[in-house]
Amino acid sequence: MYVIQPLGQSRTTVSAAMLTASSVPEVAPAAYNAGTTYALDADVSISGAHNSFEVYRSLAPGNTGHTPSSSPTWWRHLGTTYGSFAAGSYGLGDHVIDPVAHLEYESLVAANTAPLTDATKWLSLGPTNRWRALDLNSSTGTTAPSPLSYTITPGRRVDAVGLAAVMADSFTISVKQDGEEVWSYSESMSTRVVRSWRDWLTKGFTFRDTSMVLEMPLVSSAEVTITFYRAGGDVTVGALFINRSVFLGDVETEPTDGADNYSRFARNIEGSATSFIPGRVIPILSATCSAPAERTPEIRALREATKATPAFWAGLSDARNPYFGSVQRVGVWRRFDITPANPNVLTNLDVEEA
């Protein structure tokens with residue numbers, strides 16, 4: 001069992017200082033001006049309804065007079081964001097962001113001049129789109145056009161990346177030190193198995209939504225860029241963890257891929273079901289791990305560190321294994337029993353998805 005803990009503080013997998021760059025826009029850049037000549041990688045925005053902004057990035061130097069929304073050879077669409085909150089009047093349904101706290105709000109009334117702290121006038125929608133993949137309290141992911149990228153400078157040695165609830169065809173990881181790439185990795189998320197020409201011509205494409213990479217080099221002052229690609233439609237990243245992994249030991253046979261069902265249904269006096277109210281299903285992983293006895297202090301420390309903090313848990317090291325999804329969770333443990341044995345220490349776990 002491998003565990004990747006968050007690097008951030010409070011509710012994020014990385015801190016704001018560690019997030020060096022991202023293709024997902026947060027603060028809207030300056031408005032596009034048809035008379036301005038834009039350089040390569042210059043960002044512009046075009047305003048829309050409810051205080052929204054479509055953000056574009058220049059694909060070439062000397063970019064003049066090419067409308068971003070209709071010039072894909074000159075501009076790449078980075079996604080949608082909203083205006084930063086400022087004193088003024090907002091309409092019903094307008095969205096604003098707090099770029100310091102990385103939170104998004106929706107106006108509940110017309111002619112809204114209230115501060116964001118007024119819950120009767122503003123509905124908190126949680127983290128901004130950029131931060132949804134990095135926020136431990138968010139049940140939604142970051143969604144943006146392909147390629148979607150995050151560049152993280154951890155400030156310490158890391159060797160693992162955990163990904164969950166991903167909608168992408170593939171991803172790459174690039175590790176740089178002092179501006180020079182020292183390691184790279186690429187992985188397809190496809191689960192399509194082709195055994196014949198008939199499969200090749202007719203079988204649909206399916207993709208994994210979770211992965212883990214453990215072999216990153218333990219270099220100091222690393223800059224890690226993770227980029228997701230999708231040929232059709234936007235990319236979604238539900239959770240992204242990066243840290244040095246902790247090994248709890250090998251998972252013994254027959255772990256349980258369980259779940260708690262919070263749906264409701266009623267029965268009449270004859271026992272027949274009369275109504276069904278769909279609810280969330282909470283996945284639960286139950287497993288027993290066996291590790292050398294000398295790892296006991298590290299395992300006990302992990303139990304304390306993750307008692308109220310979601311982490312990335314994976315019972316297999318190979319994300320391509322068909323059982324990987326059954327033994328992987330992003331969540332918190334509700335049972336963590338450590339049994340000193342001979343010659344190994346046993347850990348009995350129940351991990352509940354956050």
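Buried here means under 20% relative accessible area. Keep that in mind for this predicted model, where Arg-132 and Glu-104 are both buried. The chain has 354 residues, and 43% of them count as buried. Its secondary structure comes to 2 helices and 27 strands. The C-alpha trace spans about 75 × 65 × 50 Å along its principal axes. Take the contacts between residues at least 6 apart in sequence: 62% of those join residues at least 24 apart.

**The nonpolar cores**

- The largest nonpolar core has 34 residues, and the members that touch the most others are Ile-173, Met-216, Phe-228, Leu-240 and Ile-242.
- As background, nonpolar side chains in soluble globular proteins tend to be buried together.
- Let's zoom in on Met-216: leaving out residues up to four places away in sequence, Met-216 touches Val-158, Asp-159, Ala-160, Val-161, Val-175, Trp-183, Val-224 and Ile-242.

**Asp-159, a buried charge**

- Asp-159 sits in the loop between β12 (148-152) and β13 (160-167).
- Asp-159 is buried but has no salt bridge. The nearest side chain of opposite charge belongs to Arg-244, 4.4 Å away, whereas a salt bridge calls for a side-chain nitrogen within 4 Å of a carboxyl oxygen.
- So who are the contacts of Asp-159, once neighbours within four places in sequence are left aside? They are Val-213, Leu-214, Glu-215, Met-216, Leu-218, Asn-243, Arg-244 and Ser-245.

**Helix α2 and its buried side**

- Helix α2 covers residues 296-305, and Thr-296, Ile-299 and Leu-302 in it are buried.
- Why are these three on the same side of α2? They cover an arc of only 120 degrees around the axis, and that puts them there.
- The general rule behind this is that an α-helix has 3.6 residues a turn, so residues three or four places apart point the same way.
- Among the elements covering the buried residues of α2 are β1 (2-4), β19 (246-247), β24 (281-292), β26 (328-340) and β27 (344-353).

**Aromatic pairs**

- The structure holds 13 aromatic pairs.
- In one of them, the rings of Phe-171 and Tyr-185 have centres 6.2 Å apart and planes at 45 degrees, so this pair is tilted.
- Phe-171 is in strand β14 and Tyr-185 in strand β15, so to speak a link between distant parts of the chain, 14 residues apart.
- Phe-171 counts as buried, with 1% relative accessibility, and Tyr-185 is buried too, with a relative accessible area of 16%.
- The rings of Phe-241 and Phe-312 also form a tilted pair, because their centres are 6.2 Å apart and their planes are at 50 degrees.
- Phe-241 is buried at 1% relative accessibility, and Phe-312 is buried at 0%.
- Ring pairs also join Phe-171, Trp-183, Tyr-185 and Phe-228 into a cluster.

**Salt bridges**

- How many salt bridges does a search of the whole structure find? There are 12.
- Arg-132 and Glu-104 form one of these, with their closest N and O atoms 3.0 Å apart.
- Arg-132 lies in the loop between β10 (122-127) and β11 (142-144) and Glu-104 in strand β9 (residues 103-107), so the pair ties together parts 28 residues apart in sequence.
- Glu-187 pairs with Arg-208, their closest N and O atoms being 2.7 Å apart, and both residues are buried.
- Glu-187 is in strand β15, while Arg-208 is in the loop between α1 (197-202) and β16 (211-213), 21 residues apart.
- Lys-307 and Glu-304 meet in a salt bridge too, at 2.7 Å from N to O. Here Lys-307 is exposed, at 52% relative accessibility, and Glu-304 is partly exposed, at 48%.
- Asp-260, Arg-334 and Glu-352 are linked in a network of salt bridges.

Technical notes. Residues numbered from 1 in each chain as written. Predicted model: local features only at pLDDT ≥ 70, side-chain atom pairs only at ≥ 80, totals over all residues. Heavy atoms only, no water. Helix = DSSP H or I, 4+ residues; strand = E, 2+ residues; numbered from the N terminus. Buried < 20%, exposed > 50% of the residue type's maximum accessible area, 1.4 Å probe, protein only. Lys, Arg positive; Asp, Glu negative; His and termini not counted. Contact = heavy atoms within 4.5 Å. Core = buried A, V, L, I, M, F, W, Y, C linked by side-chain atoms within 4.5 Å. Arc of directions from axis to C-beta. Phe/Tyr/Trp six-rings, centres within 6.5 Å; stacked < 30°, edge-to-face > 60°.
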